[in-house]
Amino acid sequence: MKPTNSFLTSTVQVMPPSGIRQFFNAAEADDEVISLGVGEPDFVTPQCAIDACTRALEHGRTMYTPNEGLMELREEIAGYLHTGFQLKYEPSREILVTVGGSEGIDITLRALISPGDEIIIPVPGYVAYAPLVQLNGGVAVELELSAEDDFKLTADALQKAITPRTKAIVVNFPSNPTGAVMTEEDWLPIASLAAKHDLVVISDEIYAELTFGSTHTSIASLPGMRERTIVIGGFSKAFAMTGWRVGYLCGDADLVSAMIKIHQYTALCAPIMGQVAAIECLRNGLKDRDAMKQAYDERRIMFAQGLSDIGLSCRTPRGAFYAFPSIATTGLGSQEFAERLLREAKVAVVPGHVFGAGGEGFIRCSYAASSNQLSEALGRMERWLEVNTSAHQRQHAL
């Protein structure tokens, strides 16, 4: 019999495992490790949602839902987006409840990509985008963002990446991993280019609620962008519902109807228990959401300043719950830095290079951990840096 790996596609064989999960798994195996690696809120899902789910289970609500998701939930999502982000979608035709935001991204790409289509992915960016493009037969084109531009997407950079084969662009603001946000002023020239070149915009807005110091602006809210934008959202981050696996996508009815067909044959529907909990969050969990955001805001300021104080220059992130400090002063590559920090200081972070071009020389640290854990992590990192930075300086002097 031939080797079993010969049954696999060449795309899968060359695809690396997630660089995030490597450090998450290592942290899980050691109780002494403080994990700043994975985007996992340290809060529990709002109690009102847990209670609603419990009641639903006690009444036997364990069955399939419509493929599109419970109408109650779609109506609540429509109202939530309209009130919070000036986005208007018809619940019956333009909103699809998905198994987390991740499924929404996947089925959107499946519906859009023909073999050889180019999909522009600004980087540093979330690690799943490029593999999903490749799995669906597309060509992932990385567009490197600059720290000097606060890791924002600029029209000049986008224009240079567009070719006759470009089909779509995936944008994620607030950004994982950089914490960058885009204002309406930032989006306007991007929207103009998308219209000029007839591009679809896949806007991953899973961190929309976690925008600090300003209000989140969706590119879909700009004139002429609604019909060419798919908005991906969910409950994992803002409502601490990562394990419930409930997300959604919104867009023009003709586009969404195509994605529903794919959803029917793959996931069928999101878990009803998660949908019930999501409904309750939107109805009665907004105070919990706001309290969690306030805690993240306080940690954001404290942690970014703390990183700079110990010698890792860090812009204060304006969204999401990640800091993206430079490690240039250490002389270490991001992979070696993260591996040694985990092994020697028992702090798990993610090396910047796994997020694509421009990520090398940085690390991603989640400040969704508790304030006590963040303070302890900073102390461990400072002690570790004192030893290793001094060693680097001595070696460099030689």
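**Salt bridges and sheet edges in a predicted model**

Modeller: At 14% relative accessibility, D117 counts as buried. This is a predicted model, in which local features need pLDDT of at least 70, side-chain atom pairs count only at pLDDT 80 or more, and totals for chains, interfaces and linings use all residues. Residues are numbered from 1 along each chain as its sequence is written, and side-chain values use heavy atoms, with hydrogens and water left out.

Colleague: Why is D117 called buried?

Modeller: Buried means under 20% relative accessible area, exposed over 50%, and partly exposed in between (1.4 Å probe, protein chains only). D117 has 14%, so it counts as buried.

Colleague: What makes D117 and K167 a salt bridge?

Modeller: The term requires a side-chain nitrogen of Lys or Arg within 4 Å of a carboxyl oxygen of Asp or Glu. The closest N and O atoms of D117 and K167 are 3.4 Å apart, so the pair qualifies.

Colleague: How do you know that R383 and E376 form a salt bridge?

Modeller: Their N to O distance is 3.9 Å, within the limit, so this pair also counts.

Colleague: Why do strand 2 and strand 4 stand at the edges?

Modeller: Seven strands form an open sheet in the order 2-8-7-6-5-3-4. Strands are DSSP runs (E, at least two residues), numbered from the N terminus, and two of them pair if DSSP finds at least two bridges between them. Strand 2 (95-98) and strand 4 (139-144) each have a single partner strand, so one side of each is left without a neighbour in the sheet.

How values were computed:
Helix = DSSP H or I, 4+ residues; strand = E, 2+ residues; numbered from the N terminus.
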